[in-house]
Amino acid sequence: RYVRVVASLSSSSIPSALLSDADGACPCAARMRDGKAAFASLKISHPGAGFVLSFASEDVSFSANPAVSAAFNVAGPAVYATIDGLPASVPYLTPFSAAVSVRDANRLLVASPRV
């Protein structure tokens, strides 16, 4: 016997965003084994901020409150980069560092390595 757990998108800053898996649109289900349910291919259709996922059991004999994720952001494809910390001038062969921020169209951070 197993417990079926369903994942759904419970909050989003993008009204048209959808949660899906390899089988299509959610709510998406997984079997809970040893207290864990693994969702291998969940995807959110649009980048945005403040996404919240909820996980609940559909089994009435298994009473537990839904688990809710902390809010998180989903970054889209990189659109532009900014470089911060460049000195006004650098003597020849002198190392220096700068911060590169790569952001998507929603101004969400995609990557920020130090170079």
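Strand S2 (residues 19-21) and strand S6 run antiparallel and are joined by two bridges, where strands are DSSP runs of E of at least two residues, numbered from the N terminus, and two strands count as paired if DSSP finds at least two bridges between them. The model described here is predicted, so that local features need pLDDT of at least 70 and side-chain atom pairs count only at pLDDT 80 or more, while totals for chains, interfaces and linings use all residues. Residues are numbered from 1 along each chain as its sequence is written, and side-chain values use heavy atoms, with hydrogens and water left out.

With strand S1 (residues 3-11), S7 pairs in the antiparallel sense over six bridges, and the bridge partner of Val5 in S7 is Ser57. Strand S8 (residues 67-68) is joined to S7 by two bridges and runs antiparallel to it; here Phe55 has Ala67 in S8 as its bridge partner. Strand S9 (residues 72-74) is likewise antiparallel to S7 and joined to it by two bridges, with Phe72 in S9 as the bridge partner of Phe51.

Ser54 is found in strand S7 and is buried, with a relative accessible area of 14%; buried means under 20% relative accessible area, exposed over 50%, and partly exposed in between, with a 1.4 Å probe and protein chains only. When neighbours within four places in sequence are left aside, Ser54 is in contact with Val6, Ala7, Ser8, Ser10, Ala67 and Val68, contact being defined by heavy atoms within 4.5 Å.

The structure holds two aromatic pairs, the criterion being that rings of Phe, Tyr and Trp (its six-membered ring) have centres within 6.5 Å, with planes under 30 degrees apart counted as stacked, over 60 as edge-to-face and the rest as tilted. Phe39 and Phe55 form a tilted pair, at 5.5 Å centre to centre and with 50° between the planes. This pair links distant parts of the chain, since Phe39 lies in the loop between strand S5 (36-37) and S6 and Phe55 in strand S7, 16 residues apart. Phe55 counts as partly exposed, at 24% relative accessibility.

The rings of Phe51 and Phe72 have their centres 6.1 Å apart and their planes at 35°, so this pair is also tilted. Distant parts of the chain are again linked, with Phe51 in strand S7 and Phe72 in strand S9, 21 residues apart. Phe51 is buried, with a relative accessible area of 0%, whereas Phe72 counts as partly exposed at 27% relative accessibility.

Phe51 also figures in the surroundings of Ala71, a residue found in the loop between S8 and S9 that counts as exposed at 56% relative accessibility. Although Ala71 and Phe51 are 20 residues apart in sequence, they are 5.2 Å apart in space, C-alpha to C-alpha. Not counting residues up to four places away in sequence, Ala71 touches Gly50, Phe51 and Val52.

Technical notes. Helices (H or I, at least four residues) and strands (E, at least two) are DSSP runs, numbered from the N terminus.
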